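User: I'd like to go through some labels on this model and see what each one rests on. Can you set the values against the cut-offs for me?

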Amino acid sequence: MPTKRTPKQVSKVHHDPVQRRPLAGAIAVVAGATRGAGRGIARALGEAGATVYCTGRSVKGRPSPYNRPETIDETAALINDAGATAHAVRVDHTIESEVKALFRRIDRKHQRLDILVNSVAGEDPMMGQWGDFWQVDLKNADAIFRQALTSHILTAKHAAPIMIRCRHGLIVEVTENDLLAAGGNPVSQAVKVAHKVLALNWAAELKPHGVAVLAITPGFLRSESMLQGFGVTEANWRDAGKKDPNFLESESPLYVGRAVAALAGDPKILEQTGQLLSSWEVARHYGFTDYDGRRPDWGNLSINWSSLPPQLVELLRTGTALQLDWSTTLADRTRRFLDKFP
């Protein structure tokens, strides 16, 4: 396995985020706050004291194109009911005029933007197809790229100028796993890898302006659709461990949310800019837990491979070994190139 790149050592923070509210006064946008990681991150930022703009396409009366019941209105209500402040704003992040209007509104009202989380289309069912690339159906390829990748670029494009002007801010790309590659079909693989690389590229451009950019992945996420797929609810989620023992190390969406909140509250966050992080690594360093007091650690789990087809296990093994060779060669090449600078 590739060597883990963990956050630089910082003082551990042991606190109840509801009591301390370390992000009080901060303004945050969570693009794709309807469900899953996006909803969990929005809730955690509100829990930490930020005013959260929950954006996405699914609102009351205009349900999800995925045929899911969740809405951004529900996400904002969960935050407001917990005593924080949230606003639900319907935005199609593939339409630049709507994205531009969102950030103009925020800038006019607050004259600042502290946090942007890009979590649009993380569970788009169009990316759910698995199979060899030479057998994949590409009829939805253009739509996937626009929904899950162009949307992220458009959103960051209009958020960054506010942060640059303030010489402060954090942009977070939510992705899948803390390795180089991603699973699924070649379209979804390209999208998930691009989220990681975009964070790296943007970090280089924005660091001189005092703005940090990170990519982050949850572990085995108990999203609404994942719970439904296992036939359980959040109340009895452990029952799914009978089908897949790995699920017992799963995490609620609030866990990766608390990871983002901890990072956003770190005054030295610029030292970590460009990194690909994970909920479990961040939890080790900042000392927070999931809502139930657990600290799931997917990185230290002895994975039970028995529920996966042997061909898939071998593919993952081969792919991971190739990633290690690729990254080692790239690291050596990059060091040599860096030595050329004065």
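User: Why is N177 called partly exposed?

Analyst: First, the ground rules: this is a predicted model, where local features need pLDDT of at least 70 and side-chain atom pairs count only at pLDDT 80 or more, while totals for chains, interfaces and linings use all residues. Residues are numbered from 1 along each chain as its sequence is written, and side-chain values use heavy atoms, with hydrogens and water left out. Now, N177 has a relative accessible area of 24%. Buried means under 20%, exposed over 50%, and partly exposed is in between (1.4 Å probe, protein chains only), so 24% makes N177 partly exposed.

User: What is the phi of N177, and where does N177 sit?

Analyst: Phi of N177 is near 65°, a positive value in a residue other than glycine. N177 is in the loop between β5 and α6 (186-206); helices (H or I, at least four residues) and strands (E, at least two) are DSSP runs, numbered from the N terminus. R167 also has a positive phi, about 55°, and is not a glycine. R167 lies in the loop between α5 (141-166) and β5 (169-174).

User: What makes K109 exposed?

Analyst: K109 has a relative accessible area of 52%, so with the cut-off for exposed at over 50%, K109 is exposed. K109 is in helix α4 (residues 96-110).

User: Which residues make the nonpolar surface patch?

Analyst: I303, W305, L308 and L316 make that patch, with about 320 Å². Patch residues have over 30% relative accessible area and no salt bridge; nonpolar side chains (Val, Leu, Ile, Met, Phe, Trp, Tyr) are joined within 5 Å, like charges within 9 Å. A salt bridge is a side-chain nitrogen of Lys or Arg within 4 Å of a carboxyl oxygen of Asp or Glu. Areas come from the Shrake-Rupley method with a 1.4 Å probe, and for residues only the protein chains shown count as cover.

User: Why is the pair of F220 and F247 edge-to-face?

Analyst: Rings of Phe, Tyr and Trp (its six-membered ring) pair if their centres lie within 6.5 Å; planes under 30 degrees apart count as stacked, over 60 as edge-to-face and the rest as tilted. The F220 and F247 centres are 5.0 Å apart and the planes are at 80°, so the pair is edge-to-face. Both F220 and F247 are buried.
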